[in-house]
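Work through the exercises below with the sequence and the 3D view side by side. Each task is followed by a solution in steps.

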Amino acid sequence: MSDARPRGRLFRKYVVFLVILVGGLLVASGLFELYFSYQEAQRALVRLEREKALAAAERIGGFIGQIERQLRATTFAASDVPAVAPAGPKAGAFRQTLASALIEQRELDFLRFLRSVPAARDIRHLDIGGKEQLRVSRFALDAIGSGEDFSQAQAFLGAKGGKTFFSPVYFQNDSEPYMTIAVPSGQYAVEVTMAEVSLKAIWDVVSHVRVGRLGHAYVIDSRGHLIAHPDVSLVLQKLDLSELAQVAEARAARTKPDTDEARLMIAKSVDGTQVLAAHAPIDPLGWLVFVEQPLAEAFAPLQASMLRGAVILVVGLLIAVLASIVLAGRMVAPIRVLQAGAARIGAGELGHRIEVRTGDELEALGDEFNRTAARLQESYAGLEQKVAERTEELTRSVAELRALGDVVQAVNSSLDLQQVLVTIVTHAVQLSGAKEGTIYEYDEASGIFEPRANVGASANMIAALRESRIRIGDTTVGKCAETRAPVQLPNVEDGAGYRLRDLLLREGIRSVLAVPLLREDRVIGALVIRRSEAGEFPQPVVELLQTLAAQSVLAIQNARLFREIQEKGEQLELASQHKSQFLANMSHELRTPLNAIIGVTEMLQEDARDFKREDELEPLDRVLRAARHLLALINDILDLSKIEAGKMDLHLESFSLPPLIEDVRKTIEPLAVKNGNALTVSCPPGVGSIRADQTRVRQALLNLVSNANKFTERGKVAIDVHRAAGAGGEWITVAVADTGIGMTPEQMSRLFQEFVQADASTTRRYGGTGLGLAISRRFCQMMGGDITVESAVGRGSTFTIRLPAEVVAPQPIPIERPAPAVQAAASAASPDVLVVDDDVTVRDMAERYLTREGFSVVTADGGKEGLRLTRELHPSAVTLDVIMPDIDGWTVLAAIKGDPALADIPVILMTIMDERNRGYSLGAADYMVKPVDRERLAAVLRGIVRPGGRSVLVVDDDDFVRRGIAQALEKDGWKVSEAENGRAGLARLTDAVPDAIVLDLMMPEMDGFEFLEELRHRAEWREIPVVVVTAKDLTEEDHRRLNGEVEGVLEKDAPTRDAMLREVGIALTRCLKRDHARKAAAGT
Amino acid sequence: MLSMRGDLIRAFGTLVTVAILSSTAAAAQPTKPFRIGVLNEAWAANHPAVEGLRAGLRELGFEEGRDVVYDIRFTQGKPEATPAAAEALVKAGVDLIFTSNEAATRAAKNATRTVPIVFTLVGDPVIGGIVRTIAKPGENLTGVSSLTTELAAKRLELLTLLAPKVRRVWAIHHGDDPSSIAAIWTAEAAAKQLKVEILSRPVYNAEQLKHAVKSIRPGDALLPPEVGTLDIPAALLELSISSRIPAVFATSLYVGHGGLVSYGSDYYAEGAQAARLVAKILRGARAGDLPVEGADRIDLAVNLKTATSLGLAVPRKLLLRADTIRR
């Protein structure tokens, strides 16, 4: 439709030419008109301004002149000493009288002067020497013969010359303008009379001059300084205006009197606006009056005439444009008809005929176009038909391609086989123009083609097809499968003996085409389309169906694969579940008998010791050692298998390194002493804390340090801790170096393999499972680190643990803190807590525990320090010890609560004085892993139970274990009651409430978890401390069920304190939650 | 030819400038009259300063009712009512506050930091803490100073001129009034030259005033303060008449009531003078930029009858100086 040919260019040319011609004339005349009226207005304005300036100058000049005349008048009345004076002795007295008479006369003259000149402030008479003889003032005291010296004053010197002196303007109080006028007086005009005159009157004159709304006048003195202006503040700034263009020109003009007619000036005003300025001189003074009016205002009237001119111009231009359009239109019309006609013919409208009746060359041109068009029309007629046919073909191909695209997309994007197959059949039916179609899937087991998807078929037909149980070689479907090639039945009526003939004829089907679905020559199914017309299917349709069949194969194949994968996945999951179950049970099953072995052996050993049966001691000791070794081995294997199974969970927490290192050192110390090794630790104080699994780090480190001591005799073992920045953050390295036997490179290469020590003989000589190092390394790798080794035979070895300072959990959910409230509070505000305690261990533990809970912790080692830090840091909460050496907790509490700025900080008192008040704990106070170290258990119980209370309930289903524990505790002075499961335990509790409970977790009837829940529901039992004793390998889930109250406590020897610290954590959370809620309610 | 072309170009350039500038110059005619709040402690609305203001503004082209309206609050000598009246004026939304005397000015200053204030009858605005400097008062205040401090010496001079025998001059004043104290200092400086002794007596209540008055002896003279706190000038006028003690007052008001002589600004003239400042502010000037003006008109008034009753001769040169002579 659109044509690149320029349209209407001729017309535009004509219009532009005419507009320029007429419009140009109009604009030129308008601008000349404006220019002259502007000139005239300017002249008129400056005349007006000049008149105002002259009037103001005259008034100001008159004002000053009047004062000068009045001042001169005072000099006539009193003249100097008369020429004739008596001589002799009376001369002095006469002179005296005469002088005082003169002064009196002059004083009266001066008083008259002040009366008639209100602007005068004072008036003085100076004698020939410039000494003041008389002063009359409105403000100061009058004075006669004061003799004040004015001989150097400008006024005196100026007037003594015989002329009136006008001083420069000066300001009193920095606010009022004054001028001194001095005239010569006395008979010889050698004395001087001078007056100080206020010039505020000039200001009034100036501020009364108005030109328009914004025009104003101002006065400058002979130096070019501003002395009067309507804006007084400008005058008080003592502005020097001699730089302004209009001032400079006016001052220059004064020196050349011939150029009196000052030029109109457009210049910048004091405030920088464009003004129209005129001026007039004030003659005796050399001052200038300026009258200025902002240009904007001055020429405002001119704007109206400019507007008129512009309107006329616009109207004229419009008329010119209209006229040009009409005129040009006339000229261009026949050309346009020609152009439009030619364009229509060119666009293929060959039947069009051009109508130009101008009777000139243009008409002839039109006729020529018409003839050409007629000839073209004839030759095009044949071409069009061919094009139509081709287009139809193309449309079909495009439809096929699009369908194919849809099918491919369906196959690729959907696993819903049915939907994909329906899509394929639908397209197959549509594109081939068939009535209906079906996809069969071949079931190899039964050898039958099952219809999977039908399109267009009636319900009857579908039912019939389903029942027809087609086999290979049977009907078109079977045949195409047999031949692996498309088979068609061009006319159903001809197919005598065809099995489905009657069915097809009943449904109005006259021809059938079947294409096999093949995958690597295996029959998967078939695609069939049925038409209601008889006849061969054209080749393109057959090919299309083959393509669609290939897609169907893919879809069916995809669906089958998916089904298989799903089944495999389910099987795998089940297997994995079984394995974890097995692992958990293994630990129980393996440890329980060992438990019995160790327990019985220990008892036997004690008995042997008690009864002095020395010969039994050694074998029993061997049994015990063997059993313990076996236990260690089981633990190692369990760890290893858990790692292998990916079931090893990490308990990530932040903890301080030095205590851990110290703990390891203490544990290994006996072994080091035994082997005569010097064990040294180098741990810089700034090494700080690490976030990792504390237990596993300890295990790895213990393993390395104990290995080092094992393989070194009378040498040195050094533990070296470092913290350094490295790839991806900070890293902690712990190097364990020994001076032991060392290893060959070959030995080192096998070092980290499971069950392998440096060589077989090592095992015999040094013992050990050979698992420890491999497990330790796996742990470190799980935490994102590693263990490396450097060694040489005879020179010792150095094992180095390298861990990131912030271990990131390897699994998506490494550990969940049991109390979500704590977590929420911690993440919401990350509050800081001040721990005040004189005991360094309490501080460390509090710091470790609270840091782990997400608090940021600051510690203070005494009451004074605590109070100082409270004021300085304003923490979110304070935990406070009661008994401290400097000032006790009660005093600190009183100080905090007494200070209004601090009173809102929650304070938690931490005291171990009254154990009964540790009431918050809902869960167990501790847990231990069987076999139980009885001494340890006793110590724990001693720690958590108040003095005097010595009754304990032992709940365990294993009679042997229960008896063993009971015996040990009884020996330690406890009153022990026993229960064989949770339910029995609860029954005992109703009889008598014990001071502590020792609880097994895995029991019949009611297990340990259920028992704990019951315990917590009863207020009177809630506070009973519980020590969990279990052979079960506690899972993450178990930890959760124990409500996090039993975690990691055995690592320290102060379980009561740790429990208490947990309560602190809970209490803090409560406080912070309250605080949070209050702030939210207050509505920030 | 060339220069004419240059001229033409320049002229067209100016034309364009004019066209742009004149389109921005919009003439806005004031449609609402300005509201002037008047605040003083007078007994009636027609305080001479207010009358002066009205006359002054009339002369400057502000027609009452059309261009300005007045909201006059006078507290009838009750200083405790003045702050409330000032607040009321501000609340009423006046465009400007015109005050007469120091207390009213201070009340207005405390009431607003935005509404411009023009004061009159303030003895010494700097000493009195009304403004920071005379030349640049700052904030929203300006006004006319009565020049009390400047005129104190001259008053003492006039007193000694009338009563040459006087040696002790009592300056009884309110002890908390800085203007009066400054004036007394000026007088003390001149006293030596005039061979008199100034007895400065600060009083704080009527009791003390009564007590101070008792110590005045015949032959002494009085220099009453300008400020009317505790009604000190009136009390001294009474004493002056009853005990025949010569006194020089700061305003001719007291001479009309039998005071001997006064030298000071004329209230009416001060009002008229302030009208000029008011007009400037109403036309857009900032009050704080307008320098405080000293009173233009200083009047000398003398009461010949009182002089005669005191047995004093009035010198010729004093008569020549006097603006008002009461017989």
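## Exercise 1: the interface of the two chains

Chain B and chain A bury about 3,400 Å² between them, and 64% of that area lies on carbon and sulfur atoms. The model is a predicted one.

**Task.** How many residues does the contact take from chain B and from chain A, and how many salt bridges are counted between them?

**Solution.** 
1. Take the residues in contact: chain B gives 43 residues and chain A gives 39 residues.
2. Turn to the charged pairs. The count between chain B and chain A is six salt bridges.
3. Look at the pair D142(A) and K154(B): their side chains form a salt bridge, with N to O at 2.5 Å.
4. Over all chains, the count of salt bridges comes to 49.

## Exercise 2: two helices of chain B

**Task.** At what angle do the axes of α5(B) and α6(B) cross, and is the crossing left-handed or right-handed?

**Solution.** 
1. Locate the helices in chain B: α5 covers residues 148-162 and α6 covers residues 178-194.
2. Their axes come within 8 Å and cross at roughly 40 degrees. That angle makes α5(B) oblique to α6(B).
3. The crossing of α5(B) and α6(B) is right-handed.
4. List the residues that meet. On α5(B) they include T148(B), A152(B), L156(B) and T160(B); on α6(B) they include A183(B), A187(B), A190(B) and L194(B).
5. Sort the residues of this contact by class: nine are nonpolar, four polar and one charged.

## Exercise 3: two helices of chain A

**Task.** Which residues of α17(A) and α20(A) meet, and how do they divide by class?

**Solution.** 
1. In chain A, α17 spans residues 694-710 and α20 spans residues 772-782.
2. The two helices pack at an angle of about 145 degrees, with their axes 9 Å apart.
3. The crossing in which α17(A) passes α20(A) is left-handed.
4. From α17(A), the residues in contact are R696(A), Q699(A), A700(A), N703(A), L704(A) and N707(A). From α20(A), they are G772(A), L773(A), I775(A), S776(A), F779(A) and C780(A).
5. By class, this contact of α17(A) with α20(A) has six nonpolar, five polar and one charged residues.

## Exercise 4: a salt bridge within a helix

**Solution.** 
1. Find the pair: the side chains of D959(A) and R962(A) meet in a salt bridge, 3.0 Å from N to O.

Note on methods
Residues numbered from 1 in each chain as written. Chains lettered and ligands numbered in written order. Predicted model: local features only at pLDDT ≥ 70, side-chain atom pairs only at ≥ 80, totals over all residues. Heavy atoms only, no water. Axes fitted to C-alpha atoms, helices over the stretch in contact; angles between N-to-C directions. Helix = DSSP H or I, 4+ residues; strand = E, 2+ residues; numbered from the N terminus. Parallel < 35°, antiparallel > 145°, perpendicular 65-115°, else oblique. Left-handed = near helix turned anticlockwise from the far one by under 90°. Contact = heavy atoms within 4.5 Å. Nonpolar A, V, L, I, M, F, W, Y, C, P; charged D, E, K, R; others polar. Buried area = accessible area lost by both parts, 1.4 Å probe. Salt bridge = Lys/Arg side-chain N within 4 Å of Asp/Glu carboxyl O.
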